[in-house]
Amino acid sequence: MLSPLPASPYSEAAARAAHCWFGVDRVSRDAETTAWKRLARFRQATWREARGYPVGAHPHSGGEKATVVGSRLALEFAMESGANFVSAGALSAVRARLAKRERFEMLKADRLWADLLSSMPLCFNLFGDLAGDDEAAATRAVRAWWPDAPEGAATVRFEYSPARRDALFLGNQSAFDGAFELELGGGALGIVGIETKYHEHAVVEAAPKAAALARYVEVTERSSVFREGWRERVVGTALQQIWQDHLLALAMLQHPSGRWSWGRFVLLYPAANASFARAAAAYRAVLRDEATFEARTLEELVGVPGTLLESTRGALVERYF
């Protein structure tokens, strides 16, 4: 077991002094999640300060009217140093992914380089070491994390979608933060699609427009993994984003090409993030079959032996836990 987020000399005064007291961290009628968001921001600021990294701003580019944000790095420094990334493998994976831009992608480079709280840098920090030339490392990690997955060589992908805005999938720009693509033989593929959360909380969203919703409902009903009454409990609620990410994996399994024969969507979040802990439990309750969905804490994932380099594991614990 990894240690929980350690006690910190946190107070409102300390947070203000560290440029970490923002109204955006307050979640209405949810003191537990508010406390997590404030402490997580403060933790990233103190991590930055302890290393002497220059403070960033909102907007990331700075300027005379910019707001100093303790949980961000100065953008120019961040891009030159790669300081947002805890290993050489993670930084290499970032550079490789940014060099291969994809149509309609939603990957924001300034946030990736400079926002210490962002879940996208966290995703690279978690899986970047597995994206190098040693394909066996990714394959071993998949076997350790998901022993029930079919055997096959694994390849790591970041901010991954099989085809954004393609009506044969979901017709939108949905993508997994990270993914492991498995070669299952005979041209067949498996997919583990991953959504990483850190400072975020589950937000109630407006229901999709009619045309988009019709496609989402089609994929949902065809999958046969949801309980009766799922629509009232998911659409237009704080579970909607989880559902849409899960649907991308289900749409891949339903693709007329038959290319994907096995798949799972995985939601990763910190144990202390009460909002996503509750959302994960509520989402499980609408499923009659959980084979294509998994919710796991970051601490649990990082703690599985035989997956990450010990130096990377230690750096992740020091920074995030």
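In which sense do β3 and β4 pair, and over how many bridges? The legends below, which describe a predicted model, begin with this point.

**Figure 1. Pairing of β3 and β4 within the open sheet.** The two strands β3 and β4 pair in the antiparallel sense, and seven bridges join them. Across this pairing, Ala154 stands opposite Leu182 in β4. Both strands belong to an open sheet of five strands with mixed pairing, in the order β3-β4-β5-β6-β7. The edges of the sheet are formed by β3 and β7 (293-297); each has a single partner strand, so one side of each is left without a neighbour in the sheet. From one strand to the next, the twist averages 20 degrees.

**Figure 2. Helices α7 and α10 against the sheet.** Helix α7, residues 135-145, packs on the sheet and touches β3, β4 and β7. The direction of α7 makes about 90 degrees with that of β3. Helix α10 lies across β3, β4, β5 (188-196), β6 (260-269) and β7. Relative to β6, α10 runs at about 160 degrees.

**Figure 3. The aromatic pair of Phe176 and Phe265.** The structure holds 21 aromatic pairs, one of which is formed by Phe176 and Phe265. This pair is stacked, with 6.3 Å centre to centre and 25 degrees between the planes. Phe176 lies in strand β4 and Phe265 in strand β6, so the pair ties together parts that are 89 residues apart in sequence.

**Figure 4. The largest pocket and its lining.** About 1300 Å³ of space lies in this pocket. Its lining comprises 39 residues, and those nearest the centre are Arg111, Ser119, Lys197, Glu200 and Gln241. Two or more lining residues come from each of α2 (31-50), β2 (67-73), α5 (109-114), α6 (119-127), β4 (176-185) and α10 (240-253). By residue class, the lining of the largest pocket divides into 13 nonpolar, 12 polar and 14 charged residues.

**Figure 5. The second largest pocket, with lining residues from α4 and β3.** This second largest pocket holds about 360 Å³ of space. Of its 15 lining residues, Ala96, Arg97, Val156, Arg157 and Phe158 are the closest to the centre. Helix α4 (88-98) and strand β3 (153-160) each supply at least two residues of the lining. Six nonpolar, five polar and four charged residues make up the lining of the second largest pocket.

**Figure 6. Surroundings of Thr237.** Thr237 lies in the loop between α9 (230-234) and α10. Leaving aside neighbours within four places in sequence, Thr237 is in contact with Val203, Val204, Glu205 and Glu232.

**Figure 7. Backbone geometry at Pro59 and His19.** His58 and Pro59 are joined by a cis peptide bond, with omega about 0 degrees. Pro59 is found in the loop between β1 (55-58) and β2. At His19, phi is positive, about 60 degrees, although this residue is not a glycine. The position of His19 is in the loop between α1 (12-17) and α2.

Technical notes
Residues are numbered from 1 along each chain as its sequence is written. This is a predicted model: local features need pLDDT of at least 70, side-chain atom pairs count only at pLDDT 80 or more; totals for chains, interfaces and linings use all residues. Side-chain values use heavy atoms; hydrogens and water are left out. On a 1 Å grid over the protein atoms alone, a cavity is a set of points where a 1.4 Å probe fits but cannot get out, and a pocket is an open set with protein on both sides within 12 Å along at least five of seven lines; lining residues have an atom within 4 Å of a point. Grid points are joined across faces, edges and corners, and a volume is the space filled by probe spheres set on the points. Helices (H or I, at least four residues) and strands (E, at least two) are DSSP runs, numbered from the N terminus. Ala, Val, Leu, Ile, Met, Phe, Trp, Tyr, Cys and Pro count as nonpolar, Asp, Glu, Lys and Arg as charged, and the others, Gly among them, as polar. Two strands pair if DSSP finds at least two bridges between them. Axes are lines fitted to C-alpha atoms, for helices over the stretch in contact, and angles run from 0 to 180 degrees between N-to-C directions. Contact means heavy atoms within 4.5 Å. Rings of Phe, Tyr and Trp (its six-membered ring) pair if their centres lie within 6.5 Å; planes under 30 degrees apart count as stacked, over 60 as edge-to-face and the rest as tilted.
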